[in-house]
Amino acid sequence: MPDLITHSIFNHIVRRFYDIKKNHSPFSGVIIFFYLGTILPDILTRPVYIIFPETHDYIIFLHTPAAIFFFSLLLVQFLNDNIRKAAFINIIAGSYLHFILDALQKQVTGNNFWLFPVSWHNFGYGLFWASQYLSFLPVSIFILIVLELFLRFIKRI
Amino acid sequence: MKRFLYIFISIIALTGLAIYNYNAHPWIDVAQCMNDPENYDGKIVEKFREPMIGRLLNDGFILKQKHGPSIRVYADTSGLKTGEYLGLTARFHKEGYLEAVKIKVSKYRRYKIWLSVIPVFFVLFLLIFNLKFNWKKFYFELKNNA
């Protein structure tokens, strides 16, 4: 899967297009849960099985849409009622965009079990290797900066 | 009350998914093959424990695993380097070696891991900056300035 900077940039760009009309503040309020959702599937699984590889078969299910749904549902129960629903929607949106970007990566073994637990079909569409995302990182950052400048410009006029 | 019901449902669902994942996953772990070689002879192995090229040989390499045994792999070695992480699917042979089917060096994997730490700290900072914990009601709420 791509690195988390690429995931964050991709999700941020998608969200900012949605925000052109809504004019949300970029990094405050419930919007922060969108960024939590962006990194959530990876931070629940990768650190654990990189450090303890034998745990892979116990925890890899957390990198699926079904598990993220229930994990987010659990997580938002520890938030104030006023923001619970909005935080849940933001976490789910961020996470599911994460899965879409993951599906564009070429892999030797499957990792996109979108229909788990119903099916183990791997929804990978194999366009780029993970190392290619890293090579594109300067371009991604450049696109992000141009977009932010553009949005600031059109908000002024 | 509704809140506790949701907590209960989520924990039950996650536990169920974890148990199902562990028992029903379709991939074969190389450790399973090593424990019962006769039964897994000729099977495709997809799961290794942080596989890395330990030593290059003329007709393959020694696969090193974190917390797992090293295994001889027969493969085309062009483009492979000692110390690189791998994505690998391979056919297991009961004599205790593997024959590579698909192989891909995970280039820059270490950089990818370290770069990924940056957004984690960024999100952590945003959460700390925007939320405060209400001990009476036992939940997080947005700070007034958020």
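1. Strand 2 of chain B and strand 3 (residues 60-65) of chain B pair in the antiparallel sense, over five bridges. Two strands count as paired if DSSP finds at least two bridges between them; helices (H or I, at least four residues) and strands (E, at least two) are DSSP runs, numbered from the N terminus. The bridge partner of Leu57(B) in strand 3 of chain B is Gly60(B).

2. The model is predicted: local features need pLDDT of at least 70 and side-chain atom pairs count only at pLDDT 80 or more, while totals for chains, interfaces and linings use all residues. Residues are numbered from 1 along each chain as its sequence is written, and chains are lettered from A and ligands numbered from 1 in the order in which they are written.

3. Chain B has an open sheet of six strands in the order 1-5-6-4-3-2, with mixed pairing. Strand 1 (44-45) and strand 2 (52-57) of chain B are at the edges with a single partner strand each, so one side of each has no neighbour in the sheet.

4. Strand 7 (residues 131-134) of chain B runs antiparallel to strand 8 of chain B, and four bridges join them. Asn134(B) stands opposite Tyr139(B) of strand 8. The two strands form a hairpin with four residues between them, and Phe138(B) in the turn has a positive phi of about 55 degrees.

5. Chain B is divided into domain 1 (30-105) and domain 2 (108-146); these bounds come from an automatic or database domain assignment. The C-alpha centres of the two domains lie 39 Å apart.

6. The contact between the chains takes 43 residues from chain B and 38 residues from chain A, where contact means C-beta atoms, placed from the backbone, within 7 Å. Helix 1 of chain B gives the most to the side of chain B that touches chain A, with twelve residues. By class, that side has 24 nonpolar, nine polar and ten charged residues (Ala, Val, Leu, Ile, Met, Phe, Trp, Tyr, Cys and Pro count as nonpolar, Asp, Glu, Lys and Arg as charged, and the others, Gly among them, as polar).

7. In chain A, helix 2 (residues 32-51) and helix 5 (residues 81-103) pack at an angle of about 40 degrees, with their axes 7 Å apart. Axes are lines fitted to C-alpha atoms, for helices over the stretch in contact, and angles run from 0 to 180 degrees between N-to-C directions. Helix 2 of chain A and helix 5 of chain A are therefore oblique to each other (under 35 degrees is roughly parallel, over 145 roughly antiparallel, 65 to 115 roughly perpendicular and the rest oblique). Their contact has twelve nonpolar, six polar and no charged residues.

How values were computed: Contact = placed C-beta atoms within 7 Å.
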